[in-house]
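Subject: Structure for your files

Hello,

Here is the structure I said I would pass on. My notes follow below it.

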Amino acid sequence: EPLVFSGVQPTGNLHLGNYLGAIRRWVALQETSKCIYCVVDQHAITPPISVWGGPAELQRNTREVTAAFLASGINARTNIVFNQSRVHQHAELAWVFNCVARMGWLNRMTQFKDKAGKDRENASVGLFAYPTLMAADILVYRATHVPVGEDQKQHLELTRDIAQKFNTDFSDRIADLGLGVDTPSGEEIISSYFPLTEPVIGGPAARVMSLRDGTKKMSKSDPSHLSRINLTDDVDTISKKIRKAKTDSEPLPSEIEGLKDRPEADNLVGIYAALVDSDRATVIRDFGGHQFSTFKPALADLAVEKLAPIAAEMRRLSADPGYIDAVLKDGGERASVLAEKTMRDVRDIVGFLQN
Ligand code: ATP
Ligand code: MG
């Protein structure tokens, strides 16, 4: 049975990339699958405290991301919405995975290299171990599908590698306990406990780029406010950021192939396509040959039309933090039941004595 898991960090500056690349696609998946959507607050504290902002900021951002989930149309009754730290089994499983994953695997992670920057000696151990906690977030529910933006592809491959190594290392024990499913692994058949999770990546906004630099992903942590559209931006701010978005001086191409090697144009067309739930080819059919002076105002109007209702609903929800907290508490209780079921199995599989 498919089970969907995904998360967003409460690090502030929730942006159009988070919405189009992740949250909006979660809304569609809840029609067909059981879904668990998490505000990953333990991931949020991996950068320096001056960056994540401290306790008051973390609490504010956790509520804001939850409000964004709900305002975007995620149903917290039929699904599970909660903040990660409430369910201590994530961290518990992450420790086991720290002992399954190899240093070499984590050394290859580009997100760590990007976020640690030049001063790697001074990065937190948590930032380095981020992907093993992410694997635990997913596998503590034995989730089968994870809808994310393209930047998370490498972490999901690592999640599969961890699941595979755990299954192989403990195959005999998993079989003895009757907890496994027979699966082919190379030449042999092993008894697997964890599924090999599928990433769900795609659509025109799998990688929304910075509005200031078409070669960099739109990110919460970019110091330039003009680089991203935030979900909480007002109408004037959205219009201004799109008007000031970097472009080349050519009109839009009349064929989609013409977007190649024009990262800024490609990005704006991709954003438009995602906002109307269409594809780049359709947008080029309508706007091919037009100047940015025509396309940008159309894009700004569209972005405002789609985002303003979400921002309004976020403001409405944020006026009642008690309600948000109750949603997270209820979701956390339901998530804990599922996570503890997995952890009981994992403790038995590994050989940790328990009652
Ligand atoms: P940070 O820079 O702090 O890592 P972030 O913008 O990457 O912030 P996350 O909370 O790490 O936000 O990611 C939440 C989800 O949004 C993930 O599924 C991620 O793949 C997706 N996402 C992030 N940035 C983009 C983007 N530019 N385009 C599409 N999806 C994105
Ligand atoms: Mg990120």
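Around ligand 1 there are 19 residues, and Gln9, Gly17, Gly21, Val148 and Gly149 come nearest (a residue is near a molecule if its C-beta atom, placed from the backbone, lies within 6 Å of it). This is a predicted model, in which local features need pLDDT of at least 70 and side-chain atom pairs count only at pLDDT 80 or more, while totals for chains, interfaces and linings use all residues. Residues are numbered from 1 along each chain as its sequence is written, and chains are lettered from A and ligands numbered from 1 in the order in which they are written.

Helix 1 (residues 16-29) contributes the most to the shell around ligand 1, namely four residues; helices are DSSP runs of H or I with at least four residues, numbered from the N terminus. By class, that shell has six nonpolar, nine polar and four charged residues (nonpolar: Ala, Val, Leu, Ile, Met, Phe, Trp, Tyr, Cys and Pro; charged: Asp, Glu, Lys and Arg; polar: the others, Gly among them).

In the contact, domain 1 takes part with 14 residues and domain 2 with ten residues (contact: C-beta atoms, placed from the backbone, within 7 Å). On the side of domain 1 that touches domain 2, helix 1, helix 4 (55-71) and helix 15 (321-350) supply at least two residues each, and helix 4 has the largest share, with four residues. That side consists of ten nonpolar, three polar and one charged residues.

- Helix 12 (residues 263-275) and helix 14 (residues 292-318) have axes that come within 10 Å and cross at roughly 40° (axes are lines fitted to C-alpha atoms over the stretch in contact, and angles run from 0 to 180 degrees between N-to-C directions). The two helices are therefore oblique to each other (under 35 degrees counts as roughly parallel, over 145 as roughly antiparallel, 65 to 115 as roughly perpendicular, the rest as oblique). Leu268, Ile271, Tyr272 and Leu275 of helix 12 make the contact with Phe295, Leu299, Leu302, Ala303 and Lys306 of helix 14.
- Helix 5 (residues 89-100) packs with helix 15 at about 25°, the axes being 10 Å apart, which makes helix 5 roughly parallel to helix 15. Gln89, His90, Glu92, Leu93 and Val96 of helix 5 meet Ala339, Glu340, Met343, Val346 and Val350 of helix 15.

Regards

Key:
Contact = placed C-beta atoms within 7 Å.
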